Amino acid sequence: MSRLIAVDPIGCGCTECMAGGYVPLNRANAAHVAALLTGRLRNHTGATFQVSADYELEPGANLLTAAPPGAARHL
Ligand SMILES: [Zn+2]
């Protein structure tokens, strides 16, 4: 089995996907997607990914101390 290095398009069944060097997007788990978004896995999907987050600021708060709603605070 090869070390995972890339995420391939949905449904891909190429030799590397069979050997474990790539994973088709539909079989990628959360850790694979996180690695894809941070560039630790190559993106062979043909798709562009965008991450966004909404923040609600309390009066007097700022973005340096803000956390997305529902996120654990690390202060
Ligand atoms: Zn493949």
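Hi everyone, let's start with a pattern in the sequence: the donor residues of the zinc ion are spaced D-x3-C-x1-C-x2-C. Before we go on, please note that this is a predicted model, where local features need pLDDT of at least 70, side-chain atom pairs count only at pLDDT 80 or more, and totals for chains, interfaces and linings use all residues. Residues are numbered from 1 along each chain as its sequence is written, and side-chain values use heavy atoms, with hydrogens and water left out.

Now to the metal site. Which residues hold the zinc ion? The zinc ion is coordinated by Asp-8 through OD, and by Cys-12, Cys-14 and Cys-17 through SG, at 2.1 to 2.3 Å. Donors here are N, O and S atoms within 2.8 Å of the metal (3.2 Å for Na, K and Ca), and since water is not among the atoms, sites may look incomplete.

What is the arrangement of these donors? It is tetrahedral, because the 4 donor atoms subtend angles of 99 to 119 degrees around the zinc ion.

Cys-12, with a relative accessible area of 22%, is partly exposed. The cut-offs are under 20% relative accessible area for buried, over 50% for exposed, and partly exposed in between (1.4 Å probe, protein chains only).

With cysteines in view, how many disulfides does the structure hold? The count is 0, where a disulfide is a pair of cysteine sulfur atoms within 2.5 Å.

Let's move to the surface. Val-33, Leu-37, Phe-49 and Val-51 form a nonpolar patch there, and together they have about 330 Å² of accessible area. Patches are made of residues with over 30% relative accessible area and no salt bridge, with nonpolar side chains joined within 5 Å and like charges within 9 Å.

Looking at individual members, Phe-49 lies in the segment after β3, which covers 42-43, and is partly exposed at 36% relative accessible area. Strands such as this one are DSSP runs (E, at least two residues), numbered from the N terminus. Val-51 also lies in the segment after β3 and is exposed, at 62%. Val-51 and Leu-37 are 14 residues apart in sequence and 8.3 Å apart in space, C-alpha to C-alpha.

Finally, Gly-70 is found in the segment after β3 too. Gly-70 is exposed, with a relative accessible area of 84%. From Gly-70 to Gln-50 it is 20 residues in sequence and 20 Å in space, C-alpha to C-alpha.

Terms used. Four donors count as tetrahedral if all angles lie between 85 and 135 degrees; four count as square planar and six as octahedral if opposite donors are over 155 degrees apart and all others between 65 and 115; anything else is irregular. Accessible areas come from the Shrake-Rupley method with a 1.4 Å probe; for residues, only the protein chains shown count as cover. A salt bridge is a side-chain nitrogen of Lys or Arg within 4 Å of a carboxyl oxygen of Asp or Glu. Helices (H or I, at least four residues) and strands (E, at least two) are DSSP runs, numbered from the N terminus.
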